[in-house]
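Visitor: I would like to learn how to read side-chain features in a model. Please take them one at a time.

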Amino acid sequence: MLLVTAGPVLAEATESELMEQLRSAEDPEAATIAEEIRAIWAHSGSATIDLLMRRAEAASEAEDNRSAIWHLSTVIDYAPDYPEAYLERARAFLREGQAGQAAADLATVIKANPENFDALRLLGITFAIIGDTEAADLAYARALALYPAMPAPRGGQWGPDGAADGTAI
């Protein structure tokens, strides 16, 4: 059997190559690269985990944060080394007003992947919510160093020192 391709096979960029590209990209290319990186991070390799993550997403979209937290906690029980579950649970905790729980989950994500710009940005939002502007500025600065074209938090603007004006999620 002879296989013929319609054109050259493009090699997929590695996560580190994409992170390097992200540091110098401008929108809309930066947003596309960020989505590619997020897709790599989201890959669980498990149909069960993927199903639970979809259920958590559906619960979040329905503003049923408790159900989302339950599904995400189940994912974490089964796959404690899957940082995306901690990141999504941190978002749900913040929507429930549980900044301490969110910060703990975000610390887990950042320990597993210090380049997770979404976790760093969300940590900055978390610190801003609890009033620790110095820690918020540091988290935002770290996120922006990785993804300089990152959009400001919804309803806010990045300040001159990396801070955000506004803390809406």
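Visitor: How many aromatic pairs does the count come to?

Guide: A word on the source comes before the count. This is a predicted model, in which local features need pLDDT of at least 70 and side-chain atom pairs count only at pLDDT 80 or more, while totals for chains, interfaces and linings use all residues. Residues are numbered from 1 along each chain as its sequence is written, and side-chain values use heavy atoms, with hydrogens and water left out. Rings of Phe, Tyr and Trp (its six-membered ring) pair if their centres lie within 6.5 Å; planes under 30 degrees apart count as stacked, over 60 as edge-to-face and the rest as tilted. By this rule there are 2 aromatic pairs.

Visitor: Why is the pair of Trp41 and Phe117 called tilted?

Guide: A pair of aromatic rings is described by the distance of the centres and the angle of the planes. For Trp41 and Phe117 the centres are 5.0 Å apart and the planes stand at 45 degrees, so the pair is tilted. Trp41 belongs to helix H2 (residues 29-42) and Phe117 to helix H7, so this pair ties together parts 76 residues apart in sequence. Helices here are DSSP runs (H or I, at least four residues), numbered from the N terminus.

Visitor: Which kind of pair do Phe117 and Tyr147 make?

Guide: Their ring centres are 5.1 Å apart and their planes are at 75 degrees, so this pair is edge-to-face. It links distant parts of the chain, with Phe117 in helix H7 and Tyr147 in the segment after helix H8 (133-146), 30 residues apart. Trp41, Phe117 and Tyr147 form one aromatic cluster.

Visitor: Are Phe117 and Tyr147 buried or exposed?

Guide: Buried means under 20% relative accessible area, exposed means over 50%, and partly exposed is in between (1.4 Å probe, protein chains only). Both Phe117 and Tyr147 are buried, and Trp41 is buried as well.

Visitor: What does Leu120 touch?

Guide: Contact means heavy atoms within 4.5 Å. Not counting residues up to four places away in sequence, Leu120 touches Ile110, Pro114, Ala139, Arg142, Ala143 and Leu146. Leu120 lies in helix H7 (residues 117-130) and is buried, at a relative accessible area of 1%. From Leu120 to Ala139 there are 19 residues in sequence, yet 5.4 Å in space, C-alpha to C-alpha.

Visitor: How many salt bridges does the count come to?

Guide: A salt bridge is a side-chain nitrogen of Lys or Arg within 4 Å of a carboxyl oxygen of Asp or Glu. The count by this rule is 7 salt bridges. One of them joins Glu88 and Arg91, with the closest N and O atoms 2.5 Å apart. Glu88 and Arg91 are 3 residues apart in helix H5 (residues 83-95), which puts about one helical turn between them. Glu88 is partly exposed at 28% relative accessibility, and Arg91 is partly exposed at 22%.

Visitor: Where do Arg38 and Asp118 lie?

Guide: These two form a salt bridge, their closest N and O atoms being 2.6 Å apart. Arg38 lies in helix H2 and Asp118 in helix H7, so the pair ties together parts that are 80 residues apart in sequence. At 23% relative accessibility Arg38 is partly exposed, and at 9% Asp118 is buried.

Notes:
Helices (H or I, at least four residues) and strands (E, at least two) are DSSP runs, numbered from the N terminus.
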